[in-house]
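Open the structure in your viewer and keep the selection tool ready. We will go from stop to stop.

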Amino acid sequence: MARRNLNDLLAFVTVAREGSFTHAAATLGVTQSALSQAISGLETRLRIRLLARTPRSVSPTDPGKRLLQAIGHRFDEIETELEALTELRDKPAGSVRITCSDHSLRTLLMPTLTPLLRDYPEIKLEFDIS
């Protein structure tokens with residue numbers, strides 16, 4: 001599916017949930033005009049009306065409700081996973097190999113590294129004692 005179609009689907013989900021082009025446009029960071037064109041383009045491509053528009057409100061039609069139910073939670077899952085990945089980015093992780101003497105390990109490194117390892121269990125240390 002083309003990127004434009006995904007953007008249009010996200011636009012539809014946002015408008016349907018917000019019940020307003022104004023609020024949806026603010027949420028997505030686009031103009032109301034661009035949002036309206038995206039929805040119109042999606043409806044044209046699908047050849048079905050997804051939103052019922054009145055001067056005071058916007059609500060999904062029956063086909064729109066069906067589409068919202070089918071895809072809305074998937075966008076939520078994607079957003080949740082992206083947030084989880086962002087949290088991982090900010091945490092140190094991986095393996096570190098250190099070559100040192102036994103004395104250096106006991107007197108210098110372990111007292112310094114123990115709190116770090118407690119805070120970041122994803123870090124794995126390997127020591128080569130020389």
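Which backbone nitrogen does a side-chain oxygen of S20 reach at the start of α2? Select S20 and T22: the oxygen comes to within 3.1 Å of the backbone nitrogen of T22. Before moving on, note that this is a predicted model, in which local features need pLDDT of at least 70, side-chain atom pairs count only at pLDDT 80 or more, and totals for chains, interfaces and linings use all residues. Residues are numbered from 1 along each chain as its sequence is written, and side-chain values use heavy atoms, with hydrogens and water left out.

**Stop 1: S20**

Stay on S20. It sits in the loop between α1 (3-18) and α2. Helices here are DSSP runs of H or I with at least four residues, strands are runs of E with at least two, and both are numbered from the N terminus. Is S20 buried or exposed? S20 counts as buried, at 13% relative accessibility. (Buried means under 20% relative accessible area, exposed over 50%, and partly exposed in between, with a 1.4 Å probe and protein chains only.) Select V15 and V58 too: S20 is in contact with both, leaving aside its neighbours within four places in sequence. Contact means heavy atoms within 4.5 Å.

**Stop 2: helix α2**

Select residues 21-28, which form helix α2. Colour F21, A24 and A25, the buried residues of α2. They cover an arc of only 100° around the axis, so they are on the same side of α2. The arc is that of the directions from the helix axis to the C-beta atoms. An α-helix has 3.6 residues a turn, so residues three or four places apart point the same way. Now turn the model. The face of α2 away from its buried side carries the exposed residues A26 and T27. After α2 comes G29, with a positive phi near 75°.

**Stop 3: α2 against α3**

The axes are lines fitted to C-alpha atoms, for helices over the stretch in contact, and angles run from 0 to 180 degrees between N-to-C directions. The two helices are therefore roughly perpendicular to each other; that label covers 65 to 115 degrees. Show the side chains of F21, T22, A24, A25 and L28 in α2: they meet Q32, L35, S36 and I39 in α3. The residues of this contact divide into six nonpolar, three polar and no charged.

**Stop 4: helix α1**

Select F12 in helix α1. F12 is buried, with a relative accessible area of 0%. Its contacts beyond four places in sequence include I39, L42, L50 and L67. Then select D8, also found in helix α1. D8 is buried, with a relative accessible area of 3%. Which side chain does the side chain of D8 contact at 2.4 Å? It makes a polar contact with the side chain of R45. (A polar contact is a pair of N or O atoms within 3.5 Å; within protein, one must be able to donate a hydrogen and the other to accept it, and residues adjacent in sequence count only if both atoms are side-chain atoms.)

**Stop 5: R47**

Finish at R47, in the loop between α3 and β1 (51-53). R47 is exposed, with a relative accessible area of 77%. Its phi is positive, near 55°, in a residue other than glycine. Most residues other than glycine have a negative phi.

Terms used. Parallel < 35°, antiparallel > 145°, perpendicular 65-115°, else oblique. Nonpolar A, V, L, I, M, F, W, Y, C, P; charged D, E, K, R; others polar.
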